[in-house]
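Work through the exercises below with the coordinates open. Each task is followed by its solution.

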Amino acid sequence: MIIELERGRQATLDQIRDLAVRFGNRVELSEGTGVYDTVHIIGDSREFASRESYILGLPGVRAAWQPTGGYKNIARVVRGNEGKALHRERRVVEVKGLDGKARRFGGGKHIFVCGPDSPQTLEQTLATARMAREVGEKFGILDRVMLRGGAFKPRTRPTDWRGLGMKGIAIMDAAREETGLPYVTEVMDQNLVEQIGAHADMLQIGTRNAQNFDLLEAVGRFGKPAILKRGFGNEAEEWFYSAEYIANQGNLDIVLCERGMKTLYTKGGYCRNQPDLNACTFARKQTILPIIFDPSHVAGDHRIVAENLMAACGHLVDGSITETVHTEAWRREQLCDAGQALVMDQYSILVEAVLEYETHVAPKMK
Ligand code: PEP
């Protein structure tokens, strides 16, 4: 069940929480940008919903909904049983850095996630992270920059390099320590969520695990913000159901990420994956979650990363996650996805272009 509650009604919120606990449910508050917040009753809420008239009588409650769809906690529009529709506010997902600043996905400004595909050495990762910080300072957007780096790598071929594991996480920790920038890293195993999550500021679920339901639920229970990549063979709605697996465990801090699909067209070799940009627009319409774009895995080639990201900006994404390296020479040293990483100098130009677009073009399209 979802309840619309006037902001600041703490006593009512406590009463709702008490009732939820009685029926074995939990409560998650989603702050809106207007006067009302939405209160989510997590888990099977049918018994809770049988007390609808009591709930509607509580001070500050405007409406209560028992949605019927397959992704009730994250749906943008939920319909009650009588067909009434509630249009919910989009959610802002915050990731705080050691610098004390929150990166706000869905807060109206593009969030720039960048860094190595995978931390290989301390020097390489620190050099890239320092340059990411410099880009943030140069454009006055430090609170919109964060790092990426997958220490546990899902590889198609078992003989390929699979990352440094926890040693890689220690390198990402060092990069955060030095720059203050928070980082996101991939988790592939439900048994490692707590171990990796104790370090990372945000967890990433990759395309190959987008329907690993035990992993999704473990990330949901853990509660830290998460990026959910779209499975490269998943329909948009299947992607939303995956997000609901996380949300249904009480974690609504989910950022959807479109990273391209495998299609017949990609066989020709001119791009690695086919970007489904209309899915970004669809996700905005269908869910309350922020949506970002990964131009690196779409392109597979650093020469066409910028074009892809600019195209996604036209679809009003809330941010991007881009693979970057500090030097051209280092790109060749990369053991994973070497061809698609942008050198930081080129990334800086791309950031400037996105900011120009955001300031001068996007407002006219809204
Ligand atoms: C990644 O971002 O490092 C990654 C492996 O992405 P994807 O799951 O989209 O392939």
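Rings of Phe, Tyr and Trp (its six-membered ring) pair if their centres lie within 6.5 Å; planes under 30 degrees apart count as stacked, over 60 as edge-to-face and the rest as tilted. The model is predicted, with local features needing pLDDT of at least 70 and side-chain atom pairs pLDDT 80 or more, while totals for chains, interfaces and linings use all residues. Residues are numbered from 1 along each chain as its sequence is written, and side-chain values use heavy atoms, leaving out hydrogens and water.

**Exercise 1.** Count the aromatic pairs and classify Phe-240 with Phe-282.

Step 1. The rule gives 5 aromatic pairs.

Step 2. Phe-240 and Phe-282 have ring centres 5.8 Å apart and planes at 35°, so this pair is tilted.

Step 3. Phe-240 lies in helix 8 (residues 236-247) and Phe-282 in helix 9 (residues 277-286), 42 residues apart; helices are DSSP runs (H or I, at least four residues), numbered from the N terminus.

Step 4. Ring pairs join Phe-240 and Phe-282 with Tyr-71, Trp-239 and Tyr-241 in a cluster.

**Exercise 2.** Is Phe-240 buried or exposed?

Step 1. Buried means under 20% relative accessible area, exposed over 50%, and partly exposed in between (1.4 Å probe, protein chains only).

Step 2. Phe-240, at 0%, is buried, whereas Phe-282, at 29%, is partly exposed.

**Exercise 3.** Which residues of helix 8 and helix 9 meet?

Step 1. Contact means heavy atoms within 4.5 Å.

Step 2. From helix 8, Ala-236, Glu-237, Trp-239 and Phe-240 meet Ala-279, Phe-282, Ala-283 and Gln-286 of helix 9.

How values were computed
Helix = DSSP H or I, 4+ residues; strand = E, 2+ residues; numbered from the N terminus.
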